[in-house]
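The sequence and the structure are shown first.

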Amino acid sequence: MKAVITVIGHDQIGIVAKVSQRLATLKVNITDISQTLMHGDFTMMLMGEWNDDDVQFEVVKQGLQDLANETGLSINIQLQELFDAIQKL
């Protein structure tokens, strides 16, 4: 399964490390990543991929929501198919 994950929030030390660690715990591989700082705000978009037999989408989504609650970041996930469909509109 593939998904697009976005992370937005005030810059803080270790955002990439925290997100990467949570995804590794959830058995999600990062296949592409882009990040930038804009006026003190951090933005990151990444593509994650995992075996649906090992972990379900809702488990990954909840794990990222838990991290968002812990860090004060906005973390969203969309299945790649949905992201691609929206881009075609």
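The numbered points below move from the whole chain to a single residue.

1. The model under discussion is predicted. Its protein chain contains three helices and four strands. Followed along the sequence, these elements are arranged in the pattern β-α-β-β-α-β-α.

2. The protein chain has a radius of gyration of 13 Å, close to the 12 Å that the globule rule gives for 89 residues, so the chain is as compact as a globular protein of that length. Along the principal axes, the C-alpha atoms fill a box of roughly 35 × 35 × 20 Å.

3. How much of the chain is buried? Of the 89 residues in the protein chain, 33% are buried. The protein chain exposes about 5700 Å², and carbon and sulfur atoms supply 52% of that area.

4. Contacts across the sequence also deserve attention. When contacts between residues at least 6 apart in sequence are considered, 65% of them join residues at least 24 apart.

5. An unreviewed UniProt entry lists residues 4-78 as "domain: ACT". In the model, this span is 35% helix and 41% strand, and its end C-alpha atoms lie 5 Å apart.

6. Which residues does Arg22 touch, leaving aside its neighbours within four places in sequence? Arg22 is in contact with Gly63, Leu64, Asp66, Leu67 and Glu70. With Glu70, there is a polar contact between the two side chains, at 3.0 Å.

Conventions:
Residues are numbered from 1 along each chain as its sequence is written. This is a predicted model: local features need pLDDT of at least 70, side-chain atom pairs count only at pLDDT 80 or more; totals for chains, interfaces and linings use all residues. Side-chain values use heavy atoms; hydrogens and water are left out. UniProt positions are given in the numbering used here, feature names are shortened, and annotations may be inferred rather than shown by experiment. Helices (H or I, at least four residues) and strands (E, at least two) are DSSP runs, numbered from the N terminus. A polar contact is a pair of N or O atoms within 3.5 Å; within protein, one must be able to donate a hydrogen and the other to accept it, and residues adjacent in sequence count only if both atoms are side-chain atoms. Contact means heavy atoms within 4.5 Å. The radius of gyration is taken over C-alpha atoms; the globule rule is 2.2 Å times the number of residues to the power 0.38. Buried means under 20% relative accessible area, exposed over 50%, partly exposed in between (1.4 Å probe, protein chains only). Accessible areas come from the Shrake-Rupley method with a 1.4 Å probe; for residues, only the protein chains shown count as cover.
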